[in-house]
Amino acid sequence: MMMTKHIVKLAKAYSKAKGIEVSALSRRVFKDSKKISQLEAGSDLVTARYQSAMSYFGEHWPSNVEWPSDIPRPSVAEEDKAPAA
């Protein structure tokens, strides 16, 4: 699934830029230290968890790292339009 690949790609770039382990980032984003590695291995996400993760990255992305051009970056306006879970 394309969306899970987006999360994995963002997680790798983010954790490298911040100098943290992917498992630590996974704990911050999903409250589950294994979720990002599970996604990389082919696991899936429900839409609400995907939106939550994208929001996290959109809000916390390091200013010195370029957002990957092949992944749409969420905006505050888009998040406000998303239906409540």
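In the predicted model, Phe57 touches Ile7, Leu10, Ala11, Tyr14, Leu25, Val29, Trp67 and Arg73, when residues up to four places away in sequence are not counted. Phe57 is also listed, together with Ile7, Leu25 and Phe30, among the residues with the most contacts inside the largest nonpolar core, which has 19 residues. The elements that give two or more residues to this core are helix H1 (2–18), helix H2 (22–30), helix H3 (35–40) and helix H4 (47–60).

A further residue examined was Trp61, whose place is in the loop between H4 and H5. Trp61 counts as buried because its relative accessibility is 8%, and buried means under 20%. Beyond four places in sequence, Trp61 touches Leu10, Ala13, Tyr14, Glu66, Trp67, Pro68 and Arg73. A polar atom of the Trp61 side chain lies 2.9 Å from the backbone oxygen of Val65. Although Trp61 and Ala17 are 44 residues apart along the chain, their C-alpha atoms are separated by 9.4 Å.

Confidence is highest in H2, at a mean of 97, and lowest in helix H5 (residues 76–81), at a mean of 48. Over residues 78–85 pLDDT stays under 50, and for these residues the model has four contacts beyond four places in sequence. Where pLDDT is low, the predicted coordinates should not be read in detail.

Definitions and conventions
Residues are numbered from 1 along each chain as its sequence is written. This is a predicted model: local features need pLDDT of at least 70, side-chain atom pairs count only at pLDDT 80 or more; totals for chains, interfaces and linings use all residues. Side-chain values use heavy atoms; hydrogens and water are left out. A nonpolar core is a set of buried Ala, Val, Leu, Ile, Met, Phe, Trp, Tyr and Cys residues joined through side-chain atoms within 4.5 Å. Buried means under 20% relative accessible area, exposed over 50%, partly exposed in between (1.4 Å probe, protein chains only). Helices (H or I, at least four residues) and strands (E, at least two) are DSSP runs, numbered from the N terminus. Contact means heavy atoms within 4.5 Å. pLDDT is the predictor's confidence in each residue, from 0 to 100. A polar contact is a pair of N or O atoms within 3.5 Å; within protein, one must be able to donate a hydrogen and the other to accept it, and residues adjacent in sequence count only if both atoms are side-chain atoms.
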